[in-house]
Amino acid sequence: TGAASADAAALEASPTQVIETVGAALTDTKLPAQDKARLLVKRGLAHEMLGERNDAVAAFTDAIAANAVGAAERATAIYNRGLTLDENGRIDDAIADYSKAIELAPDDERPRLLRAAVHQFRKDYDKAITDIDFALKKEPGNSELLATRGICLAQKGDHDGPLKGSEGAVKAAKSAGGNNVEFARNFTIEEGMRMDGFVASMRPN
């Protein structure tokens with residue numbers, strides 16, 4: 001089928017070739033709606049790789065509107081559109097898409113982590129920590145998640161929490177055989193010290 005040919009071509013094709021191949025496959029009037037939706041997601045990803053974000057959003061939107069795949073696949077299309085909107089500076093729309101993806105696939109940590117990053121950017125640290133904590137329930141020893149949580153704590157003004165988080169992250173990285181265990185310290189300890197210094201400088205003598 002046209003969909004199968006497009007899938008095979010996409011394995012080693014450049015983004016431009018994927019867009020062309022998918023475009024040709026989509027001209028098949030007998031193409032099942034499910035296959036069409038999946039091809040539109042592939043086209044959206046290819047446009048995103050080329051930095052063609054408006055075209056990517058359009059492709060993801062068409063895939064979502066088709067409503068022809070299961071909840072998990074729809075969630076993937078929605079959070080990919082959210083990521084593209086995020087990169088285009090449409091933060092509120094991105095959060096809305098991440099949240100919708102979470103509703104459709106509540107066990108998928110990817111849209112939660114994407115939403116956490118936006119919350120962190122907007123200084124909504126408690127919301128970011130809530131999303132990170134969900135991921136940590138699935139990966140309690142993930143040193144990068146622990147370190148990111150520590151960053152949020154430091155940025156919100158918790159000067160003790162990030163240091164504890166950093167130590168936990170270093171321990172987790174060691175137990176996992178991580179090569180760069182100092183990653184967990186890089187921001188959290190430095191930020192905690194910087195914030196402590198700033199707070200001290202603001203106190204009256």
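In which helix is alanine 25 found? In this predicted model, alanine 25 belongs to helix 2, which covers residues 15–25, where helices (H or I, at least four residues) and strands (E, at least two) are DSSP runs numbered from the N terminus. Residues are numbered from 1 along each chain as its sequence is written. Because the model is predicted, local features need pLDDT of at least 70 and side-chain atom pairs count only at pLDDT 80 or more, while totals for chains, interfaces and linings use all residues, and side-chain values use heavy atoms, with hydrogens and water left out.

With a relative accessible area of 7%, alanine 25 is buried, a term that stands for under 20% relative accessible area, as against exposed for over 50% and partly exposed in between (1.4 Å probe, protein chains only). Lysine 36 lies 11 residues from alanine 25 along the chain, and the C-alpha atoms of the two are separated by 8.5 Å.

The protein as a whole has 12 helices and zero strands, and buried residues make up 39% of its 205 residues. Of the contacts between residues at least 6 apart in sequence, 47% join residues at least 24 apart, contact being defined as heavy atoms within 4.5 Å.

Helix 5 (residues 71–87) has 17 residues, which at 1.5 Å a residue should span 24 Å, and this agrees with its end C-alpha atoms, which are 24 Å apart; the expected span is taken as 1.5 Å times one less than the number of residues. The buried residues of helix 5 include Arg74, Ala75, Ala77, Ile78 and Tyr79, and what covers the buried residues of this helix includes helix 3 (33–49), helix 4 (53–66), helix 6 and helix 7. Helix 5 is followed by glycine 89, which has a positive phi, near 85 degrees.

Helix 6 (residues 91–104) packs against helix 7 (residues 109–121) at an angle of about 150 degrees, with the axes 9 Å apart, and helix 6 is therefore roughly antiparallel to helix 7. Here axes are lines fitted to C-alpha atoms, for helices over the stretch in contact, and angles run from 0 to 180 degrees between N-to-C directions; those under 35 degrees count as roughly parallel, over 145 as roughly antiparallel, 65 to 115 as roughly perpendicular and the rest as oblique. To this contact helix 6 brings Ile91, Ile95, Tyr98, Ser99, Ala101 and Ile102, and helix 7 brings Pro111, Arg112, Leu114, Arg115, Val118 and His119. By class, these residues divide into eight nonpolar, two polar and two charged, where Ala, Val, Leu, Ile, Met, Phe, Trp, Tyr, Cys and Pro count as nonpolar, Asp, Glu, Lys and Arg as charged, and the others, Gly among them, as polar.

The axes of helix 7 and helix 8 (residues 125–138) come within 8 Å and cross at roughly 155 degrees, so that helix 7 is roughly antiparallel to helix 8. Residues of helix 7 that meet helix 8 include Glu109, Arg112, Leu113 and His119, and those of helix 8 include Tyr125, Lys127, Ala128 and Asp131. The contact of helix 7 with helix 8 has seven nonpolar, two polar and six charged residues.

Histidine 119 has its place in helix 7 and counts as buried because its relative accessibility is 7%. When its neighbours within four places in sequence are left aside, histidine 119 is in contact with Ile95, Asp124, Tyr125, Lys127, Ala128 and Asp131.
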